[in-house]
Amino acid sequence: MDKQQEYVLRAIEERDIRFIRLWFTDVLGQLKSVAIAPAEVEGAFEEGIGFDGSAIEGLTRVYESDMILSPDPSTFQMLPWRDSSNGVARMFCDVLTPDGEPARTDPRAVLERQIARVADAGFTCYVHPEIEFYLVNKTEDGRIVPTDTAGYFDHVPGGTAHEFRRRAILMLEQMGISVEFSHHEGGPGQNEIDLRFADALSMADNVQTFRAVVEEVALQEGCIATFMPKPFVGKPGSGMHTHFSLFEGDRNALFDPTGEYQLSQTGRSFIAGILRHSREISAITSQYVNSYKRLWGGDEAPSYVCWGHNNRSALVRVPLHKPGKAQSARVEYRGIDASANPYLAYAVILAAGLKGIEEGYELPPEAEDDVWALTEQERKALDIAALPSSLKRAVAAMDESDLVAETLGEDAFEFFVRNKRREYEAYDAQVTDFELDQFFPRS
């Protein structure tokens, strides 16, 4: 038994913890949980906890259903929203097969495999997400309405959002998750909380924890938190703009003081890889039918495959918050929405960027203008392609992608494509209020 496992067992006894929740994630990003008693934890470290994997979306097939949860002791944390007199803690788990091998479809394992490839290339990746979400209430007829009418950076004395963000941040920090910024976003009831950078795997775990904390605090505040990409027509969608940094030891591989925007050749090739493969990975980073209403709904959402510096209509941006500071060099990918599975999203973005570095992709010219304001002819002249405009088109692009298939693995790839086809086919079969209003106008 290693020192981290010993620490967990000691903490459970000293803090009188009664329940330990084992967390893991299905292929679509849904957090799963099973609770065990303190007496079972040592056995869980040694042998894991068996469960029926075929009951979890995309995890395994019925005829190979036996799976094992192996808790990661480094992720042990108390759940601060629970009654302290009846302590509850959690650990994230890796999903294993009965012979102890990582499950091919475990999203955490998918990211771990990609991180290993990045490490083999000599890099360590750090990630910093800006997570947007709406706070809403339900009306008697089942509709959702925002909790306030405030806008970007608005200060709302006594408003729901202030107390909500305060409580959420305190809980996140109690769980060891550092918060960098928080504020009201552009939509009514919309908020943003930015997490301080961490390595890619820890950050994917942090994003899953963040969602659980935000949803719990919202319930305590008497409202609902939603990470739906586009809950309201005519209002901004909720993205998860994510900053990536690559380090070689202590040196930021994206930084070059003599480069344009202080961006190194490695950084340029990393961006070029993301751009070249952006259409293929779109179904992962924007995985729902509703996601494309965010991407194509305006409000600075990225719809076109281009990069820029201060251009917030670009898919990839090179921020210059602290010019000359090597450690701050980063690349911001704006195509992820707040509902994405962070393990799979980070895996495919890293795979695309690494491919660019390994193959020496050339970065196309910067898009200096608002891409939305350009005509189709102007975009064509600048060789600026469009992201998929629907989940159907995104899945078609993904289905042809060797890069995504290799990154996810055959089983996760096939399940994801099959599941998303079912989703857009079910959506296409709906008769919407928009269509009914065309033929039966409301008086």
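Visitor: Into which domains is the chain divided?

Guide: This is a predicted model, and its chain falls into domain 1 (3–99) and domain 2 (112–434). Those bounds come from an automatic or database domain assignment. The C-alpha centres of the two lie 28 Å apart.

Visitor: What makes a residue part of the contact, and how many does each domain give?

Guide: Heavy atoms within 4.5 Å make a contact. By that rule, domain 1 gives 20 residues and domain 2 gives 24 residues.

Visitor: How much area do domain 1 and domain 2 bury between them?

Guide: About 1,700 Å², with 58% of it on carbon and sulfur atoms. That is called buried because it is accessible area lost when the two parts are put together, summed over both. On the domain 1 side, Val-27, Leu-28 and Trp-81 lose the most, together 37% of what that side buries.

Visitor: Why is the count of salt bridges between domain 1 and domain 2 zero?

Guide: A salt bridge needs a side-chain nitrogen of Lys or Arg within 4 Å of a carboxyl oxygen of Asp or Glu. The count of such bridges between domain 1 and domain 2 is zero. Polar contacts are another matter: the rule finds seven residue pairs across the interface.

Visitor: Which strands supply at least two residues each of the side of domain 1 that touches domain 2?

Guide: Strand E1 (17–25), strand E5 (77–78) and strand E6 (87–96) do. E6 has the largest share, three residues.

Visitor: How do the residues of that side divide into nonpolar, polar and charged?

Guide: Nine are nonpolar, five polar and six charged.

Methods. Residues numbered from 1 in each chain as written. Predicted model: local features only at pLDDT ≥ 70, side-chain atom pairs only at ≥ 80, totals over all residues. Heavy atoms only, no water. Buried area = accessible area lost by both parts, 1.4 Å probe. Polar contact = N/O pair within 3.5 Å; in protein donor to acceptor, adjacent residues only side chain to side chain. Helix = DSSP H or I, 4+ residues; strand = E, 2+ residues; numbered from the N terminus. Nonpolar A, V, L, I, M, F, W, Y, C, P; charged D, E, K, R; others polar.
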